[in-house]
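The report below is meant to be read alongside the sequence and the coordinates. Please keep both in view while going through the sections.

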Amino acid sequence: GKSFRVWDPKLLESRILPSHFRQSKFKSFLRQLNTYQFQRITSGVNRGGYTHPCLVKGKPDLCRSIKRDRIEKTSVANNQ
């Protein structure tokens, strides 16, 4: 229990995302995972899944430690 995998993206898009999140597209959901520092698993039996150090089965209190990255806004003036 330290990772999860979406087995049916179409089902996630049609039933789960609209009732729990503002976005309803699977790709948007994946981008959101990245802003919360989830890492994609690229090898092994859990390949294709996502993991986070604070996502541990049986320890729901750790989920409170999952924080969104701050997105820094840049302006044209800052780039000159």
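Predicted model: local features only at pLDDT ≥ 70, side-chain atom pairs only at ≥ 80, totals over all residues.

Thr 35 is found in helix H2; helices (H or I, at least four residues) and strands (E, at least two) are DSSP runs, numbered from the N terminus.

Residues are numbered from 1 along each chain as its sequence is written, and side-chain values use heavy atoms, with hydrogens and water left out.

Leaving aside residues up to four places away in sequence, Thr 35 touches Lys 67, Arg 68 and Asp 69, contact being taken as heavy atoms within 4.5 Å. Ile 71, which is found in the segment after E3, is exposed, with a relative accessible area of 60%. The C-alpha atoms of Ile 71 and Thr 35 are separated by 8.5 Å, although the two residues are 36 residues apart along the chain.

The largest nonpolar core has ten residues in all: Leu 12, Leu 17, Phe 26, Phe 29, Leu 30, Leu 33, Phe 38, Tyr 50, Cys 54 and Ile 66. Such a core is a set of buried Ala, Val, Leu, Ile, Met, Phe, Trp, Tyr and Cys residues joined through side-chain atoms within 4.5 Å. Helix H1 (9–20) and helix H2 (26–35) are the elements that give two or more residues to this core, and the largest share, four residues, comes from H2.

Within H2, the buried residues are Phe 26, Ser 28, Phe 29, Leu 30, Leu 33 and Thr 35, and what covers them includes strand E1 (3–4), H1 and strand E3 (50–51). Leu 17, not counting residues up to four places away in sequence, touches Leu 12, Gln 23, Ser 24, Lys 25, Phe 26 and Phe 29.

## Two glutamines in loops

Gln 23 is found in the loop between H1 and H2, and at 19% relative accessibility it counts as buried. With residues up to four places away in sequence not counted, Gln 23 touches Leu 17, Ser 28, Phe 29 and Gln 32.

Gln 37 lies in the loop between H2 and strand E2 (39–40), and at 29% relative accessibility it counts as partly exposed. Although Gln 37 is not a glycine, it has a positive phi of about 65°. Most residues other than glycine have a negative phi.

## Tyr 50 in E3

Tyr 50 has its place in strand E3 and counts as buried, at 9% relative accessibility. Not counting residues up to four places away in sequence, Tyr 50 touches Lys 2, Ser 3, Phe 4, Leu 30, Leu 33, Phe 38, Gln 39, Arg 40 and Ile 41. Tyr 50 and Lys 2 are 48 residues apart in sequence, and their C-alpha atoms are 8.7 Å apart in space.

## Cysteines

With a disulfide taken as a pair of cysteine sulfur atoms within 2.5 Å, the count comes to zero disulfides. Cys 54 is in no disulfide, since the nearest cysteine sulfur, that of Cys 63, is 8.0 Å away, and that distance is too far for a bond. Cys 54 counts as buried at 17% relative accessibility, whereas Cys 63 is partly exposed, with a relative accessible area of 35%.

## The largest pocket

About 340 Å³ of space lies in the largest pocket. On a 1 Å grid over the protein atoms alone, a pocket is an open set of points where a 1.4 Å probe fits, with protein on both sides within 12 Å along at least five of seven lines, and lining residues have an atom within 4 Å of a point. Grid points are joined across faces, edges and corners, and a volume is the space filled by probe spheres set on the points.

Of the 13 residues that line the largest pocket, Phe 21, Phe 29, Gln 32, Leu 33 and Tyr 36 are the closest to its centre. The largest share of the lining, three residues, comes from H2. The lining divides into nine nonpolar, two polar and two charged residues, where Ala, Val, Leu, Ile, Met, Phe, Trp, Tyr, Cys and Pro count as nonpolar, Asp, Glu, Lys and Arg as charged, and the others, Gly among them, as polar.

How values were computed. Buried < 20%, exposed > 50% of the residue type's maximum accessible area, 1.4 Å probe, protein only.
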